[in-house]
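Please consult the sequence and the structure while reading.

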Amino acid sequence: MKTADSASARDKQEALSTAMEAYQKAMFDKNKKQIFFQLVKQFSGPEVPDDTPNKPIYYRTHYWDGVDLSDHSLRYTPDLFNKMNYYFFGLLFHADADTICRYADMVLSRLDGDTAMMRYFMDFIAPRYYRSTKNIGWDQVWCYLVENYYLKGRCGWASEGEITNKRKQARFLEKSLIGAYGQELIMSDTTQLESHRISSHRQPEKYMILWFWDPDCHHCQEQTAALIEVYNKLQAEGKRMFQVFAVGYEADVNKWKNYVKKHNLPFLNVGGPNVNIDYQEAYNVHGAPTMIILNADRQIIMNKSISASSLVPFIEQYERQHPEQKDREPSFWQKNASPTGFIN
């Protein structure tokens, strides 16, 4: 298509759009007392002024403007459900946990004292954040909703038993949220000797990868092989900034030990029953493979498994966002270093 034709088509499209907007406005003004047009107006979305400096933020902030959330009849229309679903799992899908919590408060605070509408929203959004296994930070959102709504008496329909259960679940999850301090694991290496116990924290590398894997798991085998490749490449280049604390998630100790030896795993390979704490509870490990990344202070900075090829880009992005971590030394290592590397 020629440039002139493209310009002409664009001008016609803009003219039609302008005419349609004018027609809709006229219809709204003429029929504003009719329920249908009231619903269309409420769910058409906020109008963003042309001179708005940050239109996406304005749109998210004013998304619920004009929606009468005191009108319980809206619960029986698909419009409220669709608007709620798009807001939390469309507009906010890629936002960080703090941003999601802030915008959730903006709408949920309007529902305080309205048990029916609060339940409508919470029954839909809370389980979605709880059940997510891939979205980073969504477990933090769920804990926030429990702490600030269920446990503060803002969910009037919830029974005492439900609140007690949610409190217990939240306390369990809080141990493994991003920003929490990871609990030190002390486990035996492949010798399974008491004198050969290794700490997950007392290592000189800045970052620690807690890698929970099972030698019988095909996916674990693939991901472990990829992790070995990245580890060895960085080691050869003198650029390895992390250590891998590889926990054999296998009851058969001999099977785990043979796999480590056969495939020459270069990590801190630990496993067996000789462990100081229940790592499944400490890090919310439900299966293998599971990856947890700790920084120099041994805080959790990632609690979802990412590919081995994403490790270095993730750490680089983390240090850009947290420049104070770039040249930070592992304080735990300085305080608790062992000449042999084993825990006495």
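A residue is called buried when its relative accessible area is under 20%, exposed when it is over 50%, and partly exposed in between (1.4 Å probe, protein chains only). Helices (H or I, at least four residues) and strands (E, at least two) are DSSP runs, numbered from the N terminus. This is a predicted model, in which local features need pLDDT of at least 70, side-chain atom pairs count only at pLDDT 80 or more, and totals for chains, interfaces and linings use all residues. Residues are numbered from 1 along each chain as its sequence is written, and side-chain values use heavy atoms, with hydrogens and water left out.

Helix α12 spans residues 311–321, and its buried residues are Leu311, Val312, Phe314, Ile315, Tyr318 and Glu319. These buried residues line one face of α12, because they fall within an arc of 160° seen down its axis (taken from the directions from the helix axis to the C-beta atoms). Arg320 and Gln321 are exposed on the face turned away from that buried side. The cover over the buried residues includes β3, α9 (218–237), β4 (242–248), β6 (290–294) and β7 (300–302).

Ser200 lies in the loop between β2 (197–199) and β3 (207–213) and is buried, at 0% relative accessible area. Beyond its neighbours within four places in sequence, Ser200 is in contact (heavy atoms within 4.5 Å) with residues including Glu184 and Arg298. Glu184 itself is placed in the loop between α8 (160–174) and β1 (186–188), and is buried at 18%.

The table gives side-chain polar contacts (N or O atoms within 3.5 Å; within protein, one must be able to donate a hydrogen and the other to accept it, and residues adjacent in sequence count only if both atoms are side-chain atoms).

| Side chains | Polar contact |
|---|---|
| Ser200 and His201 | 2.9 Å |
| Glu184 and Ser199 | 2.6 Å |
| Glu184 and Arg202 | 2.7 Å |
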